Amino acid sequence: MSILDILYYPDPKLRDCAKPVELFDQQLAEFADSMLETMYHSSGIGLAATQVGVAKRVVVIDVSEERDQPQFLINPEILSLEGEEVSEEGCLSVPSVYEKVTRAERVRFRAQDKSGDMVEMDAEGLLAVCIQHELDHLDGKLFIDYLSGLKRQRIRKKLEKEARLAQA
Ligand code: ZN
């Protein structure tokens, strides 16, 4: 396992559309474990492979307080969405930005685990929001895309400035 580098907005690779995983081998398992380690290391509750520059449909999530209930979602798919909920979201690729986003309140989804077995699940609350947020990443979509263009531009300028200061 290793800590992977997280890409920051506006890195163009965050816009890549990830491809389905076809081979469930040791390499995939190790990559998924490294993603989980990277997510814990950055105190995140979810991480998508596109955020570490790998265009594969792999997501790791852990919304538990004890940080001991990891979920590996490979080739995840939303089957149905229900209700509406507004909550404040953040993203490891858009550091220190938190904004309100409207999402479905409940989701039914399916995904494969590290061995390729398919599981179907229901989620609500924080987990439902997190799943919708992470699945967006696999299609190159960020939570700030739900905000107004003006707000997004402001965020972009702020992050570009911070990146320049970090380099100086
Ligand atoms: Zn994110």
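The structure is a predicted model, in which local features need pLDDT of at least 70, side-chain atom pairs count only at pLDDT 80 or more, and totals for chains, interfaces and linings use all residues. Residues are numbered from 1 along each chain as its sequence is written, and side-chain values use heavy atoms, with hydrogens and water left out.

The zinc ion has Cys-91 (SG), His-133 (NE2) and His-137 (NE2) as its protein donors, at 2.1 to 2.2 Å. Donors here are N, O and S atoms within 2.8 Å of the metal (3.2 Å for Na, K and Ca), and sites may look incomplete because water is not among the atoms. Along the sequence, the donor residues follow the spacing C-x41-H-x3-H. Distant parts of the chain are linked in this way, with Cys-91 in strand β4 (residues 85-91) and His-137 in helix α2 (residues 125-138), 46 residues apart. Helices (H or I, at least four residues) and strands (E, at least two) are DSSP runs numbered from the N terminus. Cys-91 is buried, at 11% relative accessible area, and His-137 is buried at 0%; buried means under 20%, exposed over 50% and partly exposed in between (1.4 Å probe, protein chains only).

Most residues other than glycine have a negative phi, and most peptide bonds are trans. Tyr-9 and Pro-10, however, are joined by a cis peptide bond with omega of about 5°, and Pro-10 lies in the segment before α1 (26-41). Ser-43, in the loop between α1 and β1 (46-48), has a positive phi of about 55° and is exposed at 61% relative accessibility. Arg-67 also has a positive phi, near 55°; this residue sits in the loop between β2 (58-61) and β3 (71-82) and is partly exposed at 27%.

Turning to open space, a pocket is an open set of points on a 1 Å grid over the protein atoms alone, with protein on both sides within 12 Å along at least five of seven lines; its lining residues have an atom within 4 Å of a point. The largest pocket holds about 370 Å³, the volume being the space filled by probe spheres set on points joined across faces, edges and corners. Its lining comprises 23 residues, with Ile-45, Glu-89, Gly-90, Cys-91 and His-133 nearest the centre. Helix α2 contributes the most to this lining, with six residues.

Conventions
On a 1 Å grid over the protein atoms alone, a cavity is a set of points where a 1.4 Å probe fits but cannot get out, and a pocket is an open set with protein on both sides within 12 Å along at least five of seven lines; lining residues have an atom within 4 Å of a point.
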